[in-house]
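Please look over the sequence and the model shown here before reading on.

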Amino acid sequence: MEFYLTALQLALCLAPMCMGIFITMKIFKIPDITTDGSYTLGAAVTAVLLSRQVPVFVVLPASMIMGALAGTLTGFIHTKLRIDALLAGILVMTGLYSINLIILGRSNVPLINVSTIFGSLHLLSNEGYNAFAIGLLAVILLMLLLTYVLKTDFGIAMRAAGNSETMTSALGINNDKMKILGLAIANGLTALSGYLVAQYQGFSDINMGIGIVITGLGSVLIGDALRNWFSVLAIGAQIGLVIAGSAVFQLVLALTLSAGVDPNLLKLITASFVLVIVAIPRLTKKAA
Amino acid sequence: MIVLDHIVKVFNKGKVNETTALADVSLQINKGEFVVMIGSNGSGKTTLLNIIEGAQKTSGGRVFINNNDVTGLPEHKRSKWIARVFQNPYNGTASELSVLDNFRLAALRTGSRKLTIGINGSFQETVTEKIATLGMGLENKIHLPMGGFSGGQRQALTLLMCTMDHVDILLLDEPTAALDPKSAAVVLRLTEQLIKEYSLTALFITHNLKDALQYGNRLIQMQEGKIMRDLNAAEKAKLALPDMYEWFG
């Protein structure tokens with residue numbers, strides 16, 4: 001039980017990032033590598049501010065704003081300098097590594113004797129269940145908020161901008177602005193995941209973001225597979241399935257590790273797992 | 001009203017493959033005119049349209065819409081006057097969004113898109129009623145994604161979307177080129193009807209000479225980046241198909 005709870009807890013902490021990847025990958029069709037850097041950025045800002053006794057609810061917006069700035073930069077490089085989105089993301093991610101190191105001051109900052117979000121809120125008496133409840137509550141609130149935003153006139157315009165640029169510019173929508181805003185929101189959400197994970201695991205590490213984008217992509221793709229399976233159309237349900245995708249992803253990884261696989265192989269397993277998720281629908285389509 | 005003042009458009013200037021797409025074109029399209037534009041491939045029709053809508057910048061000359069100089073304005077800022085129907089039905093609508101979402105954006109073409117939910121009961125009713133006028137039986141499918149509809153249905157819906165918000169100018173770039181003859185006829189009849197109903201200024205590019213003869217009240221033939229012929233309603237009425245075939249002889 002404890003084992004599944006840990007996997008699901010991590011899935012909840014990573015769910016905001018998965019929602020961010022949903023925006024970049026499913027709405028804008030951009031594989032945004034900035035994620036690796038903005039995730040660590042969120043965690044780095046969190047660790048440094050928390051260890052200076054800044055309250056958790058001040059650190060929350062601070063880390064998200066930093067992530068959003070990173071996304072804005074990627075969006076700016078992509079739209080205004082006309083550089084491929086993938087390369088723009090790689091450039092910002094690479095630059096962020098140094099920024100994160102400067103913020104952290106060293107490669108690893110432990111969070112000892114600081115009050116974390118999981119220690120500040122008491123929903124349930126059991127410590128493990130309490131952390132889970134906080135994560136669940138945060139993710140549900142976030143899901144409702146994102147669903148609302150994507151249903152507003154602004155949200156419809158953003159979804160359309162990622163779908164048919166000729167249509168949106170004919171309808172008076174500034175596609176560049178939409179892309180920049182989309183990347184900002186996505187990376188703000190990613191930084192939020194960094195904020196949650198840092199507090200959950202009790203430290204921030206300069207290398208914690210390496211390959212995290214693959215985890216997000218995998219979760220979104222699982223969500224997409226579920227969406228096709230159940231032929232879901234509503235945007236809110238799609239976001240819900242992304243969160244479900246995050247849970248499935250973490251459970252599969254946890255099961256693999258518990259089966260006695262060498263933890264050093266974790267990244268290889270993650271990459272292979274995502275490859276399988278991507279390949280299966282394509283292979284079955286070919287067969288049909 | 002659209003005014004083009006000595007428009008020049010040169011592609012790849014200074015290179016070996018330099019092409020003059022438009023060579024000093026001046027044109028005035030008055031309010032209520034339904035201009036049909038014909039011309040061979042590469043004659044400059046689409047470039048002219050792109051310059052009016054702002055998809056391409058001019059190399060020289062000025063563009064005015066309703067007496068506003070819009071020469072430097074990007075595409076998305078000209079949408080307060082201009083509505084467009086594209087050659088490819090996929091360009092005029094967002095496939096992944098529902099018909100209702102598409103219509104919502106069309107209703108905000110001249111407005112702003114706020115962080116509030118704009119699709120409510122009365123908006124749905126308006127859209128349903130509007131779509132019912134098409135007589136295609138699409139009014140019960142407004143929650144389905146646009147991607148599931150045929151090219152003809154999408155072009156008809158795109159046309160209808162143009163009238164969801166205030167519109168002065170309608171630009172149509174071979175809107176029926178990708179459609180079967182029956183759907184094409186439906187779309188063109190709808191175009192004519194909407195132009196009359198909303199007294200629009202329209203520019204319609206086509207390769208179909210029969211359509212060029214049947215529709216519109218002014219006919220322009222482009223050739224090698226210049227306006228070769230410009231016929232008013234009376235002159236156009238006297239025209240017969242064989243005359244037009246000779247132009248392309």
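## A parallel strand pair in chain B

Strand 6 (residues 82-85) of chain B pairs with strand 7 (residues 169-173) of chain B in the parallel sense over four bridges, where two strands count as paired if DSSP finds at least two bridges between them. Helices (H or I, at least four residues) and strands (E, at least two) are DSSP runs, numbered from the N terminus. Within this pair, Ile82(B) has Ile169(B) of strand 7 as its bridge partner.

Both faces of strand 6 of chain B are covered, with Ile82(B) and Arg84(B) buried on one side and Ala83(B) and Val85(B) buried on the other. A residue is called buried if 20 or more other C-beta atoms lie within 10 Å of its own, exposed if 12 or fewer do, and partly exposed in between, with C-beta atoms placed from the backbone.

The model is predicted, so local features need pLDDT of at least 70 and side-chain atom pairs count only at pLDDT 80 or more, whereas totals for chains, interfaces and linings use all residues. Residues are numbered from 1 along each chain as its sequence is written, and chains are lettered from A and ligands numbered from 1 in the order in which they are written.

## An open antiparallel sheet

Chain B also holds an open sheet of four strands in the order 2-1-4-5, with antiparallel pairing. Its edges are strand 2 (19-29) and strand 5 (68-69) of chain B, each of which pairs on one side only.

Strand 4 (residues 60-65) of chain B is joined to strand 5 of chain B by two bridges in the antiparallel sense, and Phe64(B) has Asp69(B) in strand 5 as its bridge partner.

## The largest nonpolar core

A nonpolar core is a set of buried Ala, Val, Leu, Ile, Met, Phe, Trp, Tyr and Cys residues joined through C-beta atoms within 7 Å. The largest one has 147 residues, of which Cys18(A), Met19(A), Phe22(A), Ala157(A), Ala160(A) and Leu170(B) touch the most other members. Helix 1 (residues 2-27) of chain A supplies the largest share of this core, 15 residues.

Leaving aside neighbours within four places in sequence, Leu170(B) is in contact (C-beta atoms, placed from the backbone, within 7 Å) with Ala83(B), Cys162(B), Ile195(B), Leu200(B) and Ala202(B).

## Overall form of chain A

Chain A contains 12 helices and two strands, and 50% of its 288 residues are buried. Among its contacts between residues at least 6 apart in sequence, 79% join residues at least 24 apart.

Conventions. Two residues are in contact if their C-beta atoms, placed from the backbone, lie within 7 Å.
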